[in-house]
Amino acid sequence: MTREKITEQSSKYDHLEKMSVLELLTSMNKEDQTVPLAVKKVIPDIEKLIQAIVEHMVVGGRLFYIGAGTSGRLGILDASEIPPTYGLPAGVVIGVIAGGSKAITTPVENAEDDDMQGWRDLVAYKVNDKDVVVGVAASGSTPYVIGALRECQKRGIVTGSIASNPNALVSEVADYPIEVIVGPEFVTGSTRMKSGTAQKLVLNMISTTVMIQLGRVEGNRMVNMQLTNSKLIDRGTKMVMEQTGITDYEQAKHLLLKNKSVKNAVAEYKAL
């Protein structure tokens with residue numbers, strides 16, 4: 001099987017150092033516009049993975065993202081936003097990165113080259129066949145990710161993957177592979193750019209759709225969001241007012257804070 005490393009191909013642009021700032025920005029923007037179209041082509045693959053995730057999470061399973069470098073950081077970013085945005089407890093959607101927490105902000109040399117460390121990192125979370133593990137690897141060849149998914153498959157744990165190369169190695173150990181082919185990067189090999197953007201878009205689609213399917217959204221509102229700052233409390237108060245017909249801001253705010261979520265506040269009001 002031919003494995004074309006498109007992510008390593010030379011940029012369509014050259015002599016970047018001779019370009020003006022405007023030329024650089026215009027060219028990058030032109031390339032970035034191709035990313036959503038590449039994602040659109042694989043929506044059926046994304047749908048299949050999401051359906052599997054929902055099926056497992058409905059019965060108490062967890063969602064893991066595992067990756068190295070930018071891919072790992074994007075997984076952690078997506079996972080970390082689930083509790084405040086949708087009120088799901090921490091530890092239900094989990095991001096795992098090669099090199100551990102230090103690697104979130106500082107590169108850890110050779111961390112991605114150990115093909116068993118990814119599995120060991122998952123074991124620390126007591127991963128099991130109720131869970132779904134999604135490997136994120138732009139190149140599709142990261143040993144840390146491939147090894148983790150391979151061990152998951154041996155144990156009947158459902159796997160998915162997100163890569164930017166066709167016929168990627170990681171796809172072979174994924175039950176639900178996603179390959180978003182965005183083409184060569186603006187800066188040759190810099191997969192934090194178009195590949196990273198594609199990963200972010202797909203992760204947004206996965207987590208948002210899963211949360212909606214799990215009932216964490218009503219209408220178009222984040223009715224389970226955590227009330228962690230004044231902005232969110234204000235937003236929640238206005239949502240309570242809209243859904244209950246309460247016209248007194250302070251009354252609605254009191255009801256919200258008492259119940260700790262818009263959903264619970266509205267439920268209590270309607271039960272009165």
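Mentor: What follows takes the labels in turn and sets values against definitions.

Mentor: This is a predicted model, where local features need pLDDT of at least 70, side-chain atom pairs count only at pLDDT 80 or more, and totals for chains, interfaces and linings use all residues. Residues are numbered from 1 along each chain as its sequence is written, and side-chain values use heavy atoms, with hydrogens and water left out.

Trainee: How many helices and strands does the protein have?

Mentor: The protein has eleven helices and five strands. Helices (H or I, at least four residues) and strands (E, at least two) are DSSP runs, numbered from the N terminus.

Trainee: Why is E31 called buried?

Mentor: Buried means under 20% relative accessible area, exposed over 50%, and partly exposed in between (1.4 Å probe, protein chains only). E31 has a relative accessible area of 5%, so E31 is buried. E31 sits in helix 1, residues 21–32. Of the 272 residues of the protein, 46% count as buried.

Trainee: Which residues does E31 touch, not counting residues up to four places away in sequence?

Mentor: With that exclusion, E31 touches K12, Y13, P184 and K194. Contact means heavy atoms within 4.5 Å.

Trainee: What makes a set of residues a nonpolar core?

Mentor: The members are buried Ala, Val, Leu, Ile, Met, Phe, Trp, Tyr and Cys residues, joined through side-chain atoms within 4.5 Å. The largest such core has 35 residues, of which M57, V180 and I206 touch the most other members. Helix 3 gives the most to this core, with seven residues. Apart from this core lies another, of 23 residues, among them V96, A98, V145 and V173.

Trainee: Why are helix 4 and helix 8 called roughly parallel?

Mentor: Their axes come within 10 Å and cross at roughly 30°. Axes are lines fitted to C-alpha atoms, for helices over the stretch in contact, and angles run from 0 to 180 degrees between N-to-C directions. Angles under 35 degrees count as roughly parallel, over 145 as roughly antiparallel, 65 to 115 as roughly perpendicular and the rest as oblique. Helix 4 and helix 8 are therefore roughly parallel to each other.

Trainee: Which residues in helix 4 meet helix 8?

Mentor: S71, L74, G75, L77 and D78 in helix 4 meet G196, Q199, K200, L203, N204 and S207 in helix 8. The residues of this contact divide into three nonpolar, six polar and two charged. Ala, Val, Leu, Ile, Met, Phe, Trp, Tyr, Cys and Pro count as nonpolar, Asp, Glu, Lys and Arg as charged, and the others, Gly among them, as polar.
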